[in-house]
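The following paragraphs lead the reader through a protein assembly, beginning with the places where its chains meet and then turning to selected sites within them. Please keep the sequence and the structure at hand while reading.

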Amino acid sequence: MLRPEQNALVTESGPQTPMGDVFRRYWIPTLLAEELPEPDCPPVRVTLLSERLLAFRDSEGRLGLISEFCAHRRVSLWFGRNEEGGIRCPYHGWKYDVTGQCVDVPSEPKESGFCETVKLAGYPLVEKGGVLWAYLGPKEAQPPLPEFEWMALPESRRYVSKRFQECNYLQAMEGGIDASHVSFLHSGELHTDPLHRNTKGAEYQKDTKPKYEIHESAGGLLIGARRNADPGNYYWRITQWIMPWYTMVPPYGDNALNSHAWVPVDDTNCFAWTITYHPTRDLTEEELSAMRDGKGIHANLIPGSFRTVANRANDYFMDRAAQKSGRLYSGVAGIAMQDASLQESMGPVVDRSLERLVSTDDAIIKARQRLLRAAKALQTEGQAPAGVEPVCHRVRSATFVLPVDQEYHKARADAFVAKEGVPHTSI
Amino acid sequence: MLRPEQNALVTESGPQTPMGDVFRRYWIPTLLAEELPEPDCPPVRVTLLSERLLAFRDSEGRLGLISEFCAHRRVSLWFGRNEEGGIRCPYHGWKYDVTGQCVDVPSEPKESGFCETVKLAGYPLVEKGGVLWAYLGPKEAQPPLPEFEWMALPESRRYVSKRFQECNYLQAMEGGIDASHVSFLHSGELHTDPLHRNTKGAEYQKDTKPKYEIHESAGGLLIGARRNADPGNYYWRITQWIMPWYTMVPPYGDNALNSHAWVPVDDTNCFAWTITYHPTRDLTEEELSAMRDGKGIHANLIPGSFRTVANRANDYFMDRAAQKSGRLYSGVAGIAMQDASLQESMGPVVDRSLERLVSTDDAIIKARQRLLRAAKALQTEGQAPAGVEPVCHRVRSATFVLPVDQEYHKARADAFVAKEGVPHTSI
Amino acid sequence: MLRPEQNALVTESGPQTPMGDVFRRYWIPTLLAEELPEPDCPPVRVTLLSERLLAFRDSEGRLGLISEFCAHRRVSLWFGRNEEGGIRCPYHGWKYDVTGQCVDVPSEPKESGFCETVKLAGYPLVEKGGVLWAYLGPKEAQPPLPEFEWMALPESRRYVSKRFQECNYLQAMEGGIDASHVSFLHSGELHTDPLHRNTKGAEYQKDTKPKYEIHESAGGLLIGARRNADPGNYYWRITQWIMPWYTMVPPYGDNALNSHAWVPVDDTNCFAWTITYHPTRDLTEEELSAMRDGKGIHANLIPGSFRTVANRANDYFMDRAAQKSGRLYSGVAGIAMQDASLQESMGPVVDRSLERLVSTDDAIIKARQRLLRAAKALQTEGQAPAGVEPVCHRVRSATFVLPVDQEYHKARADAFVAKEGVPHTSI
């Protein structure tokens with residue numbers, strides 16, 4: 001439960017908001033690299049943390065993320081001509097480079113120096129791991145680029161997708177750190193989805209009453225869920241939450257790892273990023289084909305958009321017969337849309353002053369607290385939030401069996417570290 | 001004319017509004033029985049008096065109307081599994097019975113007693129007369145179920161439909177107590193509609209200047225409209241208005257009786273319920289077929305919804321040629337859509353401070369006053385409103401001819417009482 | 001740049017706004033004559049300066065523009081019967097003549113005099129030049145009808161169209177007085193559009209850095225743009241701006257003249273009127289056919305509406321390949337949609353406190369100032385705005401070559417006056 005003012009604080013991320021200031025200290029996954037495939041390709045409109053921006057790749061291949069609107073008369077530069085080292089407003093020909101610096105005002109004499117005084121908001125945009133990352137914060141606080149394990153893997157070992165979701169980022173992200181819903185909402189998928197092939201873990205996971213043990217990590221939280229395994233042993237599933245919005249799903253056997261980022265578009269919409277990757281082998285054609293078909297935790301998209309085919313307007317193709325038979329627990333198909341349907345049903349921003357949390361919501365409670373603490377620490381002491389250092393990103397989720405008397409975060413600390421060439425820990 | 005604050009008072013019915021409190025003292029027609037046809041069938045989302053609710057029928061066939069949102073994390077229970085005596089939230093498996101009582105929280109030990117402390121708002125929902133009735137008020141004030149005549153008739157003698165209308169309930173209901181518009185707006189239908197077959201009454205009704213005599217009844221108003229009949233006689237058409245939103249159309253000869261309920265969904269939308277019934281004979285196949293085709297005062301619906309095929313977005317298929325020829329007085333086809341088109345054209349909530357009422361609006365004025373008085377009496381003295389007792393429902397509209405010196409409400413008091421097996425009074 | 005309160009002042013035109021009061025002193029182009037083609041034809045809903053009105057032509061062919069809503073119960077008279085000298089509300093038969101005067105209330109005795117007390121807002125609506133003009137201001141201030149040159153020409157010499165645009169009138173109108181954007185945004189069209197056939201002027205216009213000289217005229221502004229022509233000579237293009245929202249495009253050779261009116265529907269929508277006319281010859285079949293196809297500065301409309309086929313919802317059919325090749329400078333086809341796309345991209349009402357104006361925006365600055373001055377003069381001194389007298393309308397735009405030492409507005413004052421039978425001045 002959050003008081004209404006706490007709820008506003010943790011969910012609002014526009015300019016000059018405390019949480020927005022926190023988010024502006026991180027590199028933010030903004031576009032798929034394929035959205036800006038080549039020099040002088042069409043620019044892309046981006047709304048990020050409630051800012052309306054334009055991303056483009058200039059003639060030399062440089063990337064930029066600048067204000068969407070021309071400084072002159074506020075025309076959208078999306079209509080602009082991307083050519084010869086910048087984007088040119090089609091109205092009167094003002095031209096901007098990738099930093100937002102105006103480099104040409106045709107009507108004004110060069111020697112007047114006017115052009116140099118015109119500068120749009122401009123943010124660094126950098127390609128890494130198939131994703132374009134933006135940094136919207138103060139220059140002096142800019143951290144190194146993220147180093148999530150999947151970013152350094154060969155392309156053949158990862159698959160990245162994103163989908164637009166019509167609700168605040170937080171209630172979407174809370175689904176990612178809420179291990180306890182899997183045994184209900186996704187129970188049908190644990191044994192049928194090609195990306196969750198039958199494993200010992202999936203068997204253990206039928207126990208719908210796991211116990212949770214949560215520990216703070218350098219960059220976020222280690223969320224351990226334990227179930228009974230063989231006598232004297234627990235089956236542990238460890239989710240990683242990394243500030244401010246990354247989640248890593250505990251793996252199943254040798255299946256690929258899965259990770260999410262839940263990025264605010266504005267206060268009532270977000271992008272759900274999904275990364276599936278394997279540290280030591282290429283993804284199989286079967287896996288890739290399934291993901292392209294919206295299987296696993298990916299989703300089927302309306303061509304030419306990042307909107308999902310199943311969506312609120314069509315009630316996510318609710319299938320009451322499949323719900324009745326148990327084939328689909330909620331009647332909605334696909335893990336991604338199962339989550340999205342429920343999260344969107346909570347409304348654009350759920351009123352957390354009305355919720356009734358229980359012990360299994362501990363991870364959610366602790367994540368919110370950590371976000372709220374970070375906002376306060378930045379606001380009052382200027383303290384940079386956790387999770388900006390790359391060391392926080394080089395982690396893994398894991399599943400394993402341990403004797404009941406061992407503490408998982410100490411006994412298997414090795415399992416949480418991403419090491420090149422070393423397989424992930426999973427049963 | 002109403003002052004703006006009076007207009008707000010009489011049109012707003014959400015929780016904690018004075019008029020909303022009045023409406024919460026009545027049983028409310030909420031769903032067609034066929035919308036919840038069998039045990040464990042799909043639940044139905046209901047918005048009623050601005051409350052978002054979920055109606056469902058459990059495994060034993062019990063009916064419930066509960067808050068739409070799970071107490072835990074505010075997910076819509078419309079996605080829930082309706083099985084084994086309750087509806088189970090698909091997110092974490094919390095389960096509710098038809099009263100809104102939580103009966104299972106899988107993550108919490110039964111012995112903790114936590115589950116018992118969780119209770120959603122839940123309202124009684126009862127099937128009677130082919131309709132599911134809800135009561136949203138205080139338990140101690142709950143009246144007996146309504147006893148409208150059609151509710152006790154065999155199914156073969158009644159036909160019930162409902163349609164969604166995009167305006168406040170009051171301007172819709174005012175159409176139902178506004179006898180004087182019939183000779184204009186519906187003049188074309190009086191002689192062509194299969195459910196208004198030529199009668200003596202329809203002939204008399206061509207007089208567009210009736211005089212009105214209105215009397216308070218136990219549950220509302222008797223609205224008498226008189227026209228000249230044969231010398232020395234008046235032709236009387238008596239409409240019933242029963243608190244808070246029922247209207248009964250004066251009949252034509254032996255044709256079936258027609259009644260409406262105008263039920264607020266929220267402050268800018270309502271459901272128009274229409275009940276056609278005959279006290280002493282089955283409805284004919286011709287009548288039923290016409291009503292299924294949207295004739296009479298029923299409407300053509302978009303399949304799978306309660307939205308009308310003709311609607312605001314398509315200008316109700318305005319037919320200027322038919323308007324010109326006089327075949328359709330307003331150019332809109334069908335009595336229901338003739339009313340709905342004009343009522344919706346007034347805007348979501350008409351500004352009654354701008355209207356110019358005349359003597360023929362007396363019934364409207366008196367109904368508003370009675371509603372406003374009821375709100376005040378409940379608010380200041382806790383007095384229950386009129387029309388909650390079933391005796392108020394066992395009434396009929398009527399048409400008859402009387403000598404000019406007789407008072408209709410005394411001379412033909414018998415005609416207004418619904419008596420089993422006794423035909424209605426109509427010419 | 002305007003301060004936010006100035007921006008509000010100059011962009012808001014509803015009842016009781018200072019700029020709205022100014023606009024209500026002019027005759028306003030409201031409908032194409034063909035929209036009310038004959039006596040008793042269907043009425044047309046009109047929103048003008050944020051007022052919801054109904055235009056109709058009565059049985060005698062008289063035109064009226066009255067409040068959309070019946071005085072009685074506020075039903076839209078668009079559903080009314082237009083017959084026998086007035087429009088009759090279909091609800092209870094109240095009838096209004098073209099002045100808004102109620103002429104029949106069927107339920108009330110004629111001798112009661114009630115009917116005479118009922119009067120809707122009603123404004124004069126007059127046909128001239130193929131356009132229906134409305135006057136929404138005080139009776140005593142009503143000016144003579146406009147006398148734009150095209151209004152008096154035979155129909156065969158003019159072509160009038162209008163299209164709905166989703167933004168405030170001012171940012172649309174600013175495009176019409178912004179000569180400097182033509183060499184950029186419309187550069188592709190200057191040589192390919194059938195209505196801008198290759199002319200000497202179009203050659204000179206390739207110079208993208210014209211100098212501007214602006215002079216106040218009786219009714220608005222003379223906006224002169226000069227470019228180098230042959231040695232010792234300037235090529236001049238003179239745009240006319242006539243208060244409050246008329247613009248006249250400088251011509252190309254013997255091609256037809258083009259004029260616009262930018263009329264507020266409400267504060268976030270406007271109608272862009274386009275008039276193409278030739279003072280001394282009929283428009284050719286080639287020209288007419290091109291305009292009907294949405295060429296020139298006209299646009300392709302969705303049949304049965306004044307909405308454009310290319311619009312915001314479909315990104316104006318942005319063609320990146322044509323943009324890249326230079327065939328379409330901004331990637332949007334058609335001069336009208338090139339302007340509309342950019343103007344709508346600025347948002348419903350652009351925030352002028354954020355803009356960065358330069359010397360080429362002088363005409364825009366001066367037009368805003370003149371509008372703001374007019375609002376102040378009317379508000380504080382009751383002074384009628386400029387441009388209401390017909391003499392202000394009998395003007396022309398022009399293009400010509402002049403020796404560099406001559407002042408265009410003095411040397412070629414003749415070119416700016418519309419004289420019957422005299423060709424326009426254009427190279």
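A polar contact is a pair of N or O atoms within 3.5 Å; within protein, one of the two must be able to donate a hydrogen and the other to accept it, and residues adjacent in sequence count only if both atoms are side-chain atoms. The model discussed here is predicted. Between chain C and chain B, 18 residue pairs are in polar contact, both residues of each pair being at pLDDT 80 or more.

On the side of chain C, 28 residues are in contact with 37 residues of chain B. The size of an interface is often expressed as the accessible area lost when the parts come together. For chain C and chain B the buried area is about 2800 Å², with 54% of it on carbon and sulfur atoms. Charged side chains also meet here, and 3 salt bridges are found across this interface. Asp178(B) and Arg73(C) form a salt bridge, with their closest N and O atoms 3.8 Å apart.

The interface of chain B and chain A is considered next. Here 28 residues of chain B are in contact with 37 residues of chain A, and the area buried between these chains is about 2800 Å², of which carbon and sulfur atoms give 54%. Which residues of chain B lose the most area to chain A? They are Arg73(B), Phe79(B) and Tyr91(B), which together account for 28% of what that side buries. Arg73(B) also forms a salt bridge with Glu174(A), in which the closest N and O atoms are 2.9 Å apart. The interface of chain B and chain A has 3 salt bridges and 18 residue pairs in polar contact, both residues at pLDDT 80 or more.

In chain A, Glu60(A) and Arg62(A) meet through their side chains in a salt bridge of 2.8 Å, N to O. Glu60(A) counts as exposed because its relative accessibility is 53%, while Arg62(A), at 43%, is partly exposed. In chain B, a salt bridge joins Arg370(B) to Glu216(B), with 3.2 Å between the closest N and O atoms. This pair links distant parts of the chain, since Arg370(B) is in helix 11 (residues 362–381) and Glu216(B) is in strand 13 (residues 211–216), 154 residues apart. Arg370(B) is buried, with a relative accessible area of 9%, whereas Glu216(B) is partly exposed at 47%. Chain B also holds a salt bridge between the side chains of Glu285(B) and Arg292(B), at 3.4 Å from N to O. Glu285(B) is exposed at 53% relative accessibility, and Arg292(B) is partly exposed at 47%. Salt bridges with shared partners join Arg73(A), Glu174(C), Asp178(C), Arg352(C), Glu355(C) and Arg368(C) into one network.

Trp133(A) belongs to strand 11 (residues 131–135) of chain A, and Phe148(A) to the loop between strand 11 and helix 3 (149–152), 15 residues apart. Trp133(A) is buried at 1% relative accessibility, and Phe148(A) is buried with a relative accessible area of 1%. The ring of Phe148(A) also stacks with that of Trp150(A), because their centres are 6.4 Å apart and their planes are at 10°. Trp150(A) is buried as well, at 3% relative accessibility. Elsewhere in chain A, Tyr234(A), Trp236(A), Phe400(A), Tyr408(A) and Phe416(A) form one aromatic cluster. Charges lie over rings too: Lys162(A) is over the face of Phe306(A), 4.4 Å from the ring centre, and the charged end of Arg237(C) sits over the ring of Tyr252(C), 4.3 Å from its centre.

One further site involves two chains. His181(C) lies in the loop between helix 4 (169–176) and helix 5 (182–185) of chain C. Is His181(C) buried or exposed? His181(C) is buried, with a relative accessible area of 3%. Beyond residues up to four places away in sequence, His181(C) touches Tyr91(A), His92(A), Gly175(C), His186(C) and Asp339(C). With His186(C), the side chain of His181(C) makes a polar contact of 3.0 Å.

Notes
Residues numbered from 1 in each chain as written. Chains lettered and ligands numbered in written order. Predicted model: local features only at pLDDT ≥ 70, side-chain atom pairs only at ≥ 80, totals over all residues. Heavy atoms only, no water. Helix = DSSP H or I, 4+ residues; strand = E, 2+ residues; numbered from the N terminus. Buried < 20%, exposed > 50% of the residue type's maximum accessible area, 1.4 Å probe, protein only. Phe/Tyr/Trp six-rings, centres within 6.5 Å; stacked < 30°, edge-to-face > 60°. Lys NZ or Arg CZ within 6 Å of the ring centre and 35° of its normal. Contact = heavy atoms within 4.5 Å. Buried area = accessible area lost by both parts, 1.4 Å probe. Salt bridge = Lys/Arg side-chain N within 4 Å of Asp/Glu carboxyl O.
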